Amino acid sequence: MAKILIVAPNWIGDALLAQPLFARLRKKFPGVVIDAVAPPWTAPVLRRMPEIDDVVEAPFDHGELKLFARWRLGRRLHLRRYDQAIVLPNTFKSALVPFFAGIPLRTGFVGESRYGLLNLVHKLDAKRMPRMAERYAQLAEKPGTEPALPLPETRLRIDAANLALDLGRFGLSRAKRVVAFCPGAEYGPSKRWPARHFAALAKKLAALGYAVWLFGSGKDRATGAEIAAASGGAATNLCGRTDLASAIDLLSLAEIVVTNDSGLMHVAAGVGRPVVALYGSSSPEHTPPLARAFRIVRTGIECSPCFARECPLGHFKCMNELTPERVMEEIAAVRGAG
């Protein structure tokens, strides 16, 4: 039986965009065992993927070399006798653990000149293949071979027992239909729709009889509080209160998810929810949600996408001019499509 180790991406959204790769490996190699090495903040997502057998948490943070810790993890994984490793991040250090583990076949993109660390090397043609999910899926094939298309949708398992506990723990009711908002974006402010727009949208939805739940990390707690206050209590702030596993389960209850281009956007797609995705500085051509039903909402002004963390021109028109009324129209459209 083949055994494959995945070195997972460091971002939640990228981990979900890698899921079509895992599905392709399952199809190509029936009975294959697929394990993943992942940082603690993406591990909960990988544990909910039906294609992944086991997740090993990596004991290093963003950007840390920690050479001895990588060597020690590699020697521990050596005992599992993997046949192949597929390294998804493009950094030099991300390829060290499979090398230290002595895994005979080590696959990935050239990245930071990783010849030797990798011995089955793919070269990325970013213009020919702009979508991140397709780039990852290509790694299941021989170098130079196109990925198998169409890509499957992402899908995450729901823990029904955990969901029931969370509803009680956070005092949430299912009496009303739920719309979820994800107002954060780890990359920077330029990817975040203004809090005042989220608050105005929450009021409109509450007037139609919806409950609005806000999801995000501890870094989004203040933004969530601002939205909840400005909405006059129409929105319930769960930002920073749920862990990622709980967010996965609770998002599965939403009729619609309105979200910035963020990791939680891809989580919402993974639990099968229709997504209204708000894009400003980033590009939907690169990381669109692999959702059953979704709508991309953007102003389309000429300076977007700029891919900057903050608006380099200072006006932030790409998000400021994206009105709650426009988003309401897209909510209606995605409901019809879903």
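Start by selecting Leu-5: its bridge partner in strand 4 is Ala-85. Strands (E, at least two residues) and helices (H or I, at least four) are DSSP runs, numbered from the N terminus. Two strands pair if DSSP finds at least two bridges between them.

Before going on, note that this is a predicted model, in which local features need pLDDT of at least 70 and side-chain atom pairs count only at pLDDT 80 or more, while totals for chains, interfaces and linings use all residues. Residues are numbered from 1 along each chain as its sequence is written, and side-chain values use heavy atoms, with hydrogens and water left out.

**Stop 1: strand 1**

Select residues 3-7. Four of the five residues of strand 1 are buried, where buried means under 20% relative accessible area, exposed means over 50%, and partly exposed lies in between (1.4 Å probe, protein chains only). Strand 1 runs parallel to strand 4 (residues 84-87), with four bridges between them. Towards strand 2, also parallel, there are five bridges. Here you can find Ile-4 opposite Ile-34 and Val-7 opposite Val-37.

**Stop 2: strand 2**

How many of the residues of strand 2 are buried? The answer is six of six. Colour Val-33, Asp-35 and Val-37 for one face, then Ile-34, Ala-36 and Ala-38 for the other; both faces are covered. Strand 2 is also joined to strand 3, in parallel, by four bridges, and Val-37 has Val-56 of strand 3 as its bridge partner.

**Stop 3**

Angles run from 0 to 180 degrees between N-to-C directions, and axes are lines fitted to C-alpha atoms, for helices over the stretch in contact.

Next, pick helix 2 (residues 19-28), whose buried residues are Gln-19, Pro-20, Leu-21, Phe-22 and Leu-25. Among the elements that cover them are helix 1 (12-17), helix 3 (43-47) and helix 6 (132-138). Contact means heavy atoms within 4.5 Å.

**Stop 3: the second largest pocket**

Strand 2 (33-38) and helix 5 (96-100) each give two or more residues to the lining. By class, the lining has 11 nonpolar, five polar and four charged residues.

**Stop 5**

Finally, show the six strands in the order 9-8-7-10-11-12, an open sheet with parallel pairing. Which strands stand at its edges? They are strand 9 (235-237) and strand 12 (294-297), each with a single partner strand, so one side of each is left without a neighbour in the sheet. Neighbouring strands here are turned by 20° against each other on average, direction ignored. Helix 9 (residues 221-230) packs on this sheet, touching strand 8 (210-214) and strand 9, and makes about 155° with the direction of strand 9. Strand 10 (residues 256-260) pairs with strand 11 (residues 275-278) over four bridges in the parallel sense; zoom in on Val-257 to see Val-275, its bridge partner in strand 11.

**Terms for the pocket stop**

Ala, Val, Leu, Ile, Met, Phe, Trp, Tyr, Cys and Pro count as nonpolar, Asp, Glu, Lys and Arg as charged, and the others, Gly among them, as polar.
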